[in-house]
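Please read it alongside the sequence and the structure.

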Amino acid sequence: TNELDKLMLYDKKITPANVNLLVEKISETKIFSLIDAIYERNSKKAFQAFNDLIEKKEESLKMMAFISRSLRTMALVKKGVKNFSVLGAIHPYVLQKTESQAHNFSFLELKSLYRRLAQIDYLTKTGTMEGESALAIFIAKATEKN
């Protein structure tokens, strides 16, 4: 609503050019920054991205979905899967980046993180745990350096 109000104040006719000029980009860029920081095991950078996402009112479930997909991809890459039909539609740049980041985790660590994320997803959806808190705990655990 705020973004539409901003556009209407700028010009009564909403055009793609005005949207590109005035509307803040979807926070997916920050989600990818969060994922990158997790894979770098950089807790400071991860929590910065996480806090930015929270300030932008990004839903914890959306963040979990992105992280979950990324963890799954990394686990498959770690196992040596190169079949795009198994990996899904992945941009070659993302695949290359995932391969380079995979050395920071063992397959068992990735499996454990994936399970932990599935558990907090369940706890969040059942109302047992608040999403932001659960995700913060996950990020802290995921960025621990061995």
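A residue is called buried when its relative accessible area is under 20%, exposed when it is over 50%, and partly exposed in between, with a 1.4 Å probe and protein chains only. Lys 45, with 33% relative accessibility, therefore counts as partly exposed. The model is a predicted one, in which local features need pLDDT of at least 70 and side-chain atom pairs count only at pLDDT 80 or more, while totals for chains, interfaces and linings use all residues. Residues are numbered from 1 along each chain as its sequence is written, and side-chain values use heavy atoms, with hydrogens and water left out.

## Overall fold

The chain contains nine helices and zero strands. Helices (H or I, at least four residues) and strands (E, at least two) are taken as DSSP runs and numbered from the N terminus. Read from the N terminus, the order of elements is α-α-α-α-α-α-α-α-α. Along the principal axes, the C-alpha atoms fill a box of roughly 55 × 35 × 30 Å. Of the 146 residues in the chain, 32% are buried.

Helix α5 (residues 60–78) and α7 show how two of these elements are placed. Their axes come within 9 Å and cross at roughly 70 degrees. Axes here are lines fitted to C-alpha atoms, for helices over the stretch in contact, and angles run from 0 to 180 degrees between N-to-C directions. Angles under 35 degrees count as roughly parallel, over 145 as roughly antiparallel, 65 to 115 as roughly perpendicular and the rest as oblique. α5 and α7 are therefore roughly perpendicular to each other. The crossing of α5 and α7 is right-handed; a crossing has that hand if the near helix is turned clockwise from the far one by less than a right angle, and is left-handed if anticlockwise.

## Salt bridges

Side chains of opposite charge can pair when their charged atoms come close. A salt bridge is counted when a side-chain nitrogen of Lys or Arg is within 4 Å of a carboxyl oxygen of Asp or Glu. There are seven salt bridges in the structure. Three of them are tabulated here.

| Asp 36 | Lys 97 | 2.6 Å |

Asp 36 is buried at 16% relative accessibility, whereas Lys 97 is partly exposed at 26%.

Asp 121 and Lys 125 are four residues apart in helix α8 (residues 107–125), a separation of about one helical turn. Asp 121 is partly exposed, at 21%, and Lys 125 is exposed, at 57%. In the remaining tabulated pair, Glu 58 is buried with a relative accessible area of 12%, and Lys 62 is partly exposed at 26%.

Lys 45 belongs to helix α4. The C-alpha atoms of Lys 45 and Asp 121 are 23 Å apart, and the two residues are separated by 76 residues along the chain.

## Aromatic contacts

A pair of aromatic rings is described by the distance of the centres and the angle of the planes. Rings of Phe, Tyr and Trp (its six-membered ring) pair if their centres lie within 6.5 Å; planes under 30 degrees apart count as stacked, over 60 as edge-to-face and the rest as tilted. By this rule there are three aromatic pairs. One of them is the edge-to-face pair of Tyr 39 and Phe 105, with 5.9 Å between centres and 75 degrees between planes. Tyr 39 lies in helix α3 and Phe 105 in the loop between α7 and α8, so this pair ties together parts that are 66 residues apart in sequence. Tyr 39 is buried at 3%, and Phe 105 is buried at 2%.

Phe 47 and Phe 50 also form an edge-to-face pair, at 6.3 Å centre to centre and 85 degrees between the planes. Both lie in helix α4 (residues 43–55), three residues apart, about one turn of the helix. Phe 47 is partly exposed at 24%, while Phe 50 is buried at 4%.

A charge is said to sit over a ring if NZ of Lys or CZ of Arg is within 6 Å of the ring centre and within 35 degrees of the ring normal. Lys 79 lies over the face of Phe 107 in this sense, 4.5 Å from the ring centre.
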